[in-house]
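Please find my notes on this model below.

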Amino acid sequence: MQNTMAIDGHKAVITFDPEIQMFRGEFLGLNGGADFYAKDVKGLLQEGKISLRVFLEACAEDGVEPRKSFSGKFSLRVDPAIHEAAAIAAAAHGKSLNQWAEEVLSKAART
């Protein structure tokens with residue numbers, strides 16, 4: 001099971017590692033690895049803030065942009081039947097497949 005947590009405006013995915021009996025957080029959308037471990041939510045927040053601060057300080061020292069940049073383009077391969085169904089759904093909503101997919105992805109990403 002995965003969950004997300006926001007720390008100082010940055011999202012992190014939180015998973016549980018049963019081998020070490022700790023939660024692991026990993027920041028998303030950064031130009032490098034910034035992860036952290038703790039046994040509870042309070043610890044995750046504390047360790048996450050430390051990990052993020054160290055990462056951002058290292059980026060500043062090295063003159064590196066901390067956030068990944070995204071072009072807005074990506075390829076998606078699906079079963080042809082799904083492609084057809086999506087094209088039909090888009091047309092039924094009076095949208096291009098790209099417009100419809102962006103709307104569906106946007107809704108799904110907010111949940």
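1. His 10 is part of strand β2, residues 10-17. Strands here are DSSP E runs of at least two residues and helices are H or I runs of at least four, numbered from the N terminus. The model is predicted, so local features need pLDDT of at least 70 and side-chain atom pairs count only at pLDDT 80 or more, while totals for chains, interfaces and linings use all residues. Numbering runs from 1 along each chain as its sequence is written, and side-chain values use heavy atoms, with hydrogens and water left out.

2. Is His 10 buried or exposed? His 10 is buried, at a relative accessible area of 11%. Buried means under 20% relative accessible area, exposed over 50%, and partly exposed in between (1.4 Å probe, protein chains only).

3. The His 10 side chain has a polar contact of 3.3 Å with the side chain of Arg 67. Such a contact is a pair of N or O atoms within 3.5 Å; within protein, one must be able to donate a hydrogen and the other to accept it, and residues adjacent in sequence count only if both atoms are side-chain atoms. Leaving aside residues up to four places away in sequence, His 10 touches Met 5, Phe 27, Leu 30, Leu 52, Leu 56 and Arg 67, contact meaning heavy atoms within 4.5 Å.

4. On one side, β2 runs antiparallel to β1 (residues 3-7), with five bridges between the two. Strands pair if DSSP finds at least two bridges between them. His 10 is the bridge partner of Ile 7. The two strands form a hairpin with two residues between them, and Asp 8 in the turn has a positive phi of about 50°.

5. β2 is also antiparallel to β3 (residues 22-27), joined by six bridges. Phe 16 has Phe 23 as its bridge partner in β3. This hairpin has four residues between its strands, and Gln 21 in the turn shows a positive phi of about 55°.

6. Overall, the chain contains three helices and four strands, in the order β-β-β-β-α-α-α. Its radius of gyration is 19 Å, well over the 13 Å that the globule rule gives for 111 residues, so the chain is more spread out than a compact globule. The radius is taken over C-alpha atoms, and the rule is 2.2 Å times the number of residues to the power 0.38. The C-alpha trace spans about 50 × 35 × 20 Å along its principal axes.

7. Of the 111 residues in the chain, 21% are buried.
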